[in-house]
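Me: I would like to go through this structure by question and answer, with the cut-offs stated as they come up.

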Amino acid sequence: MSSFLQKGEGMKKKKYELTTETKMVEGTKVYRIKALIDFGDVKAGEYGGYIQNERNLSQTDNAWVKGNAKVYGNAVVKDDAVVKDNAVVNDNAVVEESAWVTGAATVCGNAVVSDFAMVCGAVVVKGNAWVGDDAVVTGNALVTGNALVTGKAWVKDNAWVGGAARLEGDAVVEDNAVVTENPLKKEYEASSLKLNDLKSTAKKEYSQKENYIPKKEKQIER
């Protein structure tokens with residue numbers, strides 16, 4: 001197996017290689033990786049976690065899979081992202097930028113964990129969910145559907161965030177809470193209803209005024 005990557009017209013040494021140490025995970029063979037050069041906090045010769053093939057982990061930047069973590073399927077870990085401990089990233093999931101997936105967390109489906117987000121504990125992030133910015137998802141939380149968790153939002157304990165939910169800013173969802181709708185959308189809809197009520201009231205008042213003016217004019221004519 002070549003230890004060099006073609007880059008432009010030159011050659012760049014690969015940062016890791018697949019070893020002969022393997023495991024079977026849900027019928028998929030994954031290989032333990034070994035660093036070939038120093039990069040980030042990783043030293044040459046250091047063993048990492050397991051991946052199915054080199055498409056799962058970028059050969060550039062400082063992205064790394066360590067401990068007993070496993071990345072397989074079409075999943076990708078890139079940029080400066082880290083997947084470690086017993087975490088699993090599979091299907092079409094992406095962990096990118098400076099995000100961390102740790103503990104026994106699972107990121108699967110088409111989910112994305114990006115920016116400086118952290119997913120840890122026994123968390124599951126799946127579906128088309130996106131966890132980004134400085135958001136933290138921990139405990140036994142579930143983030144699924146088309147949910148978006150950004151800003152400094154914190155989802156923890158046994159909380160469930162799904163559907164079209166959108167959490168941002170300093171939002172906290174905890175205990176056994178379930179959020180399946182977009183709070184911002186609900187606020188907007190509520191505001192729209194209030195506005196429509198105001199418009200309706202104004203129309204009625206204007207109509208009453210119009211009816212009142214001719215009556216007054218008729219009285220004056222008399």
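Me: Which residues does Thr19 touch, not counting residues up to four places away in sequence?

Reply: This is a predicted model, in which local features need pLDDT of at least 70, side-chain atom pairs count only at pLDDT 80 or more, and totals for chains, interfaces and linings use all residues. Residues are numbered from 1 along each chain as its sequence is written, and side-chain values use heavy atoms, with hydrogens and water left out. With contact meaning heavy atoms within 4.5 Å, the residues that Thr19 touches are Tyr31, Arg32, Ile33, Lys34 and Tyr47.

Me: In which strand is Thr19, and is Thr19 buried or exposed?

Reply: Helices (H or I, at least four residues) and strands (E, at least two) are DSSP runs numbered from the N terminus, and the place of Thr19 is in strand S3. On the scale used here, buried means under 20% relative accessible area, exposed over 50%, and partly exposed in between, with a 1.4 Å probe and protein chains only. Thr19 has a relative accessible area of 15%, so it counts as buried.

Me: How far apart in space are Thr19 and Tyr31, C-alpha to C-alpha?

Reply: Tyr31 is among the residues that Thr19 touches, although the two are 12 residues apart in sequence. From C-alpha to C-alpha, the distance between Thr19 and Tyr31 is 6.2 Å.

Me: What is the bridge partner of Tyr31 in S5?

Reply: Two strands pair if DSSP finds at least two bridges between them, and strand S4 (residues 28-35) is joined to S5 by 3 bridges, the two running antiparallel. Within S5, the bridge partner of Tyr31 is Ile51.

Me: Which residue in S7 is the bridge partner of Tyr50?

Reply: S5 also pairs with strand S7 (residues 70-71), here in the parallel sense and over 2 bridges. The bridge partner of Tyr50 in S7 is Lys70.

Me: How many of the 5 residues of strand S5 are buried?

Reply: Strand S5 spans residues 47-51 and is largely enclosed by the rest of the structure.

Me: Which residue in S24 stands opposite Val155?

Reply: S21 and S24 run parallel and are joined by 2 bridges. The residue in S24 that Val155 stands opposite is Val173.

Me: How far apart are the closest N and O atoms in the salt bridge of Lys14 with Glu54?

Reply: A salt bridge is a side-chain nitrogen of Lys or Arg within 4 Å of a carboxyl oxygen of Asp or Glu, and a search of the whole structure finds 5 of them. Lys14 is buried at a relative accessible area of 7%, whereas Glu54 is partly exposed at 27%. The closest N and O atoms of Lys14 and Glu54 are apart by 3.0 Å.

Me: How many residues apart in sequence are the parts that the pair of Glu174 and Lys156 ties together?

Reply: The side chains of Glu174 and Lys156 meet in a salt bridge at 3.3 Å, N to O. Glu174 lies in the loop between strand S24 (172-173) and strand S25 (178-179), and Lys156 in the loop between strand S21 (154-155) and strand S22 (160-161), so the pair ties together parts whose separation in sequence, in residues, is 18.

Me: How many disulfides does a search of the whole structure find?

Reply: A disulfide is a pair of cysteine sulfur atoms within 2.5 Å. Cys108 is buried, with a relative accessible area of 13%, and Cys120 is buried too, at 15%. The number of disulfides found in the whole structure is 0.

Me: What is the average pLDDT of the protein?

Reply: pLDDT is the predictor's confidence in each residue, from 0 to 100, and 77% of the residues score at least 70. Over residues 185-196 the pLDDT is below 50, and beyond near neighbours in sequence this stretch has 1 contact in the model. For the protein, the average pLDDT is 85.
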